[in-house]
Amino acid sequence: MMFSLILPSSSKTMSMSGTPNYSSSVDGRRADFSTIASGFPGKVRVQTLLRKTPRSLQSPAKSMKHEMDITSATERKLVKQLRASNTHSFVADSSTRAVNGKYQKLTDDWESKKLDLITGGRLLQDGLVYRQNISVRSFEIGGDRKMSFGALLNHLQDTALNQSRITGLIADGFGSTREMSRNNLIWVVSTLHTVVDRYPTWTDVVEVDTWMYASGKNGLGRDWIFRDSKTGETLANATSVYVMMNKKTRRLSKIAKEVRDEIEPYLMDCECPIINKDSRKILKLDVSTADQICTGLSPGWNDMDINQHVSNVKYIDWILESVPRSFMERYYLNAMTLEYKKECDMDSVLQSLSKMVGGGNSDSFSANKVIEYDHLLRLENGREILRGRTVWKLKDTNS
């Protein structure tokens, strides 16, 4: 079953001032990979989201130390009791009663901090934006000490799920609401576009903001911004569109009114992805037109997610299987667009096809600063799984 997506007739972009610009797509127009470093759609205030992260958001441990520094000895004792018991069902002694009205406030504050400790993030802008700080860990980096593209995609999924959990939307599966669970419905990715300006390195702390919005009649859009938590520099941007699938029949489904009513309070009042849509069509490759072909690819048990989908990271691995290693040593992955057509299962055997479509040819790419590839993943019988486009930039030998 091929994924279908209803998109609005006109596309919207955001100016650097945060004001939406409306423009119609023009066929054949070269992709605009410009991103928004200082603008948010709808109700979000630019100054609020781009200001330096408060100290209390950077580290839950530091936040608790700061709290213990400013409270009285009596209040510190109460907080310690709450921490030890992890519940409110303890008998208040005379010192606790002496707090005189502050018991409920401290209890509520502790509950809030406990929630932050669980999810690693919090809601901003009336609950429409979710923010989380991420520390780049040793197992997320490659030989260059930088976060891998696959690790970045994992954080896209993780922060999206954390927002669903902290808002109370999630009931079962990967982000399924209560009404979705009752009707065996799940979210699946239809399109994903990611642009990386600079990969964070080991021990860096990255600030991630994400939010949702309606995309057409039956799509759910989600955007992300990755920033350096110290400098505010934009590191990466991503935008995706999700559609609904029946978990039992594996067929696409419309968004029911009951589901729409559940998610609508958490949606931005706009349809403006943070990355401009590439209007160019991705080539349908075959054996005669591809530059490189890799065959015999199949998923393992650990490649399946909770919804029995092959994970996005595995698709990336398969796409890159057909890119020459000598090329990847000199270029870094700057942007990727994926269009999912069909899901594959444990018994699938796939082929990965790639073709250089911009910046030169497979024999003379060394002198070009930007090179593009088109990709196709398909089953051995020829049925498409996904199409993709990657943009590569020449590595800085001085860094």
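Start your tour at glutamate 140: with a relative accessible area of 7%, this residue is buried (buried is under 20% relative accessible area, exposed over 50%, and partly exposed in between, using a 1.4 Å probe and protein chains only). Before you click further, note that this is a predicted model, where local features need pLDDT of at least 70, side-chain atom pairs count only at pLDDT 80 or more, and totals for chains, interfaces and linings use all residues. Residues are numbered from 1 along each chain as its sequence is written, and side-chain values use heavy atoms, with hydrogens and water left out.

**Salt bridges**

Arginine 137 and glutamate 140 form a salt bridge, with 2.8 Å between the closest N and O atoms (a salt bridge is a side-chain nitrogen of Lys or Arg within 4 Å of a carboxyl oxygen of Asp or Glu).

Select aspartate 291 and lysine 355 next. Their side chains meet in a salt bridge at 3.9 Å, N to O. Aspartate 291 sits in the loop between β10 (267-268) and β11 (292-297), and lysine 355 in strand β13 (residues 350-358), so this pair ties together parts that are 64 residues apart in sequence. Strands here are DSSP runs of E with at least two residues, helices are runs of H or I with at least four, and both are numbered from the N terminus. Aspartate 291 is partly exposed at 34% relative accessibility, and lysine 355 is partly exposed at 25%.

Which residue forms a salt bridge with aspartate 374? Pick arginine 389: the closest N and O atoms of the two are 2.9 Å apart. This pair links distant parts of the chain, with aspartate 374 in strand β14 (residues 370-379) and arginine 389 in strand β15 (residues 384-394), 15 residues apart. Aspartate 374 is buried at 1% relative accessible area, and arginine 389 is buried at 5%.

For a group view, select Arg131, Glu207, Asp209 and Arg227, which are linked in a network of salt bridges.

**Aromatic pairs**

How many aromatic pairs does a search of the whole structure find? There are 6. To count, rings of Phe, Tyr and Trp (its six-membered ring) need centres within 6.5 Å; planes under 30 degrees apart are stacked, over 60 edge-to-face, and the rest tilted. Show tyrosine 199 and tyrosine 332: the ring centres are 6.4 Å apart and the planes are at 85°, so the pair is edge-to-face. Tyrosine 199 lies in the loop between β5 (185-196) and β6 (205-215), and tyrosine 332 is in strand β12, 133 residues away. Is tyrosine 199 buried or exposed? At 11% relative accessibility, tyrosine 199 counts as buried, while tyrosine 332 is partly exposed at 23%.

Then pick tyrosine 315 and tryptophan 318, another edge-to-face pair, with 5.8 Å centre to centre and 80° between the planes. Both are in helix α10 (residues 312-321), 3 residues apart, about one turn of the helix. An α-helix has 3.6 residues a turn, so residues three or four places apart point the same way. Tyrosine 315 is buried at 4% relative accessibility, and tryptophan 318 is buried at 3%.

One more ring stop: select Phe327, Tyr331, Tyr373 and Trp392, which ring pairs link into a cluster.

**Helix α10 and the cores**

With 7 of its 10 residues buried, α10 is largely enclosed by the rest of the structure. The buried residues are Val313, Lys314, Tyr315, Ile316, Trp318, Ile319 and Leu320.

Leaving aside neighbours within four places in sequence, tyrosine 315 is in contact with Val310, Tyr340, Lys342, Glu343, Cys344, Leu377, Ile385 and Leu386 (contact means heavy atoms within 4.5 Å). Tyr315 and Phe226 have the most contacts inside the largest nonpolar core, which has 59 residues. A nonpolar core is a set of buried Ala, Val, Leu, Ile, Met, Phe, Trp, Tyr and Cys residues joined through side-chain atoms within 4.5 Å.

**Last stop**

Finish on leucine 338, in strand β12 (residues 331-340). Leucine 338 counts as buried, at 1% relative accessibility. Beyond its neighbours within four places in sequence, its contacts include Ile316 and Ile319, along with Leu386. Now pick threonine 390: it is 52 residues from leucine 338 in sequence and 8.8 Å away in space, C-alpha to C-alpha.
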